[in-house]
Structures are given as structure tokens and as C-alpha cells.
Amino acid sequence: MAQLQLALDGDLSSALEILSAAHPYIDMAEIGTPLVFREGMAAVRRIRELYPQLTLVADLKIMDAGETEANIAFSAGADVVTAMAAAADATIASALGSARAHGKRLLVDMMQVAHTKTRARDLADMGCDLLCLHTAHDQQAFLGSPFAQLAALREALPTADLAIGGGLKLPALEQILPLKPQVIIVGSAITAASDPRESAIAFHERIRQFGNA
């Protein structure tokens, strides 16, 4: 069954308010890149303190100094750290080494990769834990969600652990869930909803209905 990851991109105060309402209905909380920029690893440490059992993702989007930067997030309490697929293999390998040393996981963001399947195979061969198809924020208005890419990647790598994110709304689950991603990343559809708790419940229930069908 897919896990629901909530992307928190505001400030720490708003993130904590949303988590207070939504945390029973999510599997993973993402300290998003804007939140990292605003609050640094203090956000990871605070959320870890308040939610010791919740899987935390630090969306660092590592492009260099893989081991050093991953170590910072893992030491602060993150369970998953992100690196960019466009980074050098050496950077991804060193970030992956940090994940292994901490007993944690590395998610690799496929954003802006031209040859998705080829790069994904390389990353899977390196042992990366999650491969994420991500529609960039600035492109969501005209690109939409990468359903076709997800379908192609699932066909090419049937056993790979895949994630999808970037502007996802509840109706998109009808196309996403049959492709069996391991992680579905949702941001503003929950965080900017008039009732984040009810929105989180809607995503939670739809994912579990499909998983139990």
C-alpha cells in the first residue's frame, strides 16, 4: 500500500499547526526545501521531538557534498534525505553511503532529468532507495503530473520503489494508484486546504480503499 507523504513548505509555526491536525492520517512528513531554507535543521529536530514515530524526510535536494550534507540531516533526526538525480554519481554514492551508515534512506529526485528510464536504471543499480518523479513547482501549471512517466518507469523497473509528487490533487489518485508507487507526496492540496485535517483524511482513505480492494 502506498504511503502518504505530506510536504511542509511554510514556516515552522504553520508546519506544526498543520501536523497537529494531519499527523494521524499521514505516513511521512517532509521538511520541504523552503522550510529548510527558513528554519534549517531546527525544523527537523523540533518535528522529531514532537513526533518520534513519524517518518521524516529532509528535502535537501543535494547536488554536491553528498555525505556531508546528508550527515547533517540524518544527525538532526531525518529518516530520509533527498538528492537530485542530476548530481554526479559520486555525490549520490556518498549521500547513499551516509544513509547506509545511519541506517536510513536516500530518495533521489528525477526532476529535470532528460532520459528518465536510463537514469533511473543507473540509480537503482547504485542501490538508491526511492526514485521520485517530481513536477517542478514552476512548471506545474503547464506540465501537470507525470503520470505517463510514472507508467513508463513502473514498466521499465517493476520492482523499484517509486515516489510521485508535485501539485497532486485528490482526483489524481485515480491515475496514480494503479501504477503502485510506494510514496505519494502531497503538499498544498492538504496544507493550503480550508481544513487540512479533512483533506488529509480524504487522501488517507482513498489510498487505503485502493490498497484494500
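**Ala 160**

I started with Ala 160 and asked what touches it beyond its neighbours within four places in sequence: contacts turn up with Arg 154 and Gln 182, contact meaning heavy atoms within 4.5 Å. This is a predicted model, so local features need pLDDT of at least 70 and side-chain atom pairs count only at pLDDT 80 or more, while totals for chains, interfaces and linings use all residues. Residues are numbered from 1 along each chain as its sequence is written, and side-chain values use heavy atoms, with hydrogens and water left out.

I find Ala 160 in the loop between H8 and strand E7 (162-165). Helices (H or I, at least four residues) and strands (E, at least two) are DSSP runs, numbered from the N terminus. Ala 160 counts as buried, because its relative accessibility is 12%. Buried means under 20% relative accessible area, exposed over 50%, partly exposed in between (1.4 Å probe, protein chains only). I also looked up Pro 181: it is 21 residues from Ala 160 in sequence and 8.9 Å away in space, C-alpha to C-alpha.

**Helix H4**

Next I listed the buried residues of H4 (residues 66-76): Gly 66, Ala 70, Ala 73, Phe 74 and Ala 76. They line one face of the helix, because down the axis they fall within an arc of 165° (the arc is that of the directions from the helix axis to the C-beta atoms). On the face turned away from that side I noted the exposed Thr 68 and Ser 75. The cover over the buried residues of H4 includes helix H3 (41-50), strand E3 (55-62), strand E4 (80-84), H5 and E5. Just after H4 comes Gly 77, with a positive phi of about 120°.

**H4 against H5**

How do the axes of H4 and H5 cross? They come within 7 Å and cross at roughly 30° (axes are lines fitted to C-alpha atoms, for helices over the stretch in contact, with angles from 0 to 180 degrees between N-to-C directions). From H4, the contact uses Gly 66, Glu 67, Ala 70, Asn 71, Phe 74 and Ser 75. From H5, I noted Thr 91, Ser 94, Ala 95, Ser 98, Ala 99 and His 102.

**Helix H6**

For H6 (residues 116-126), I have Thr 116, Arg 119, Ala 120 and Leu 123 as the buried residues. Their arc around the axis is only 100°, which puts them on the same side of H6. Their cover includes helix H5 (89-102), strand E5 (105-109), strand E6 (130-134) and helix H8 (147-156). Gly 127 follows H6, and its phi is positive, near 100°.
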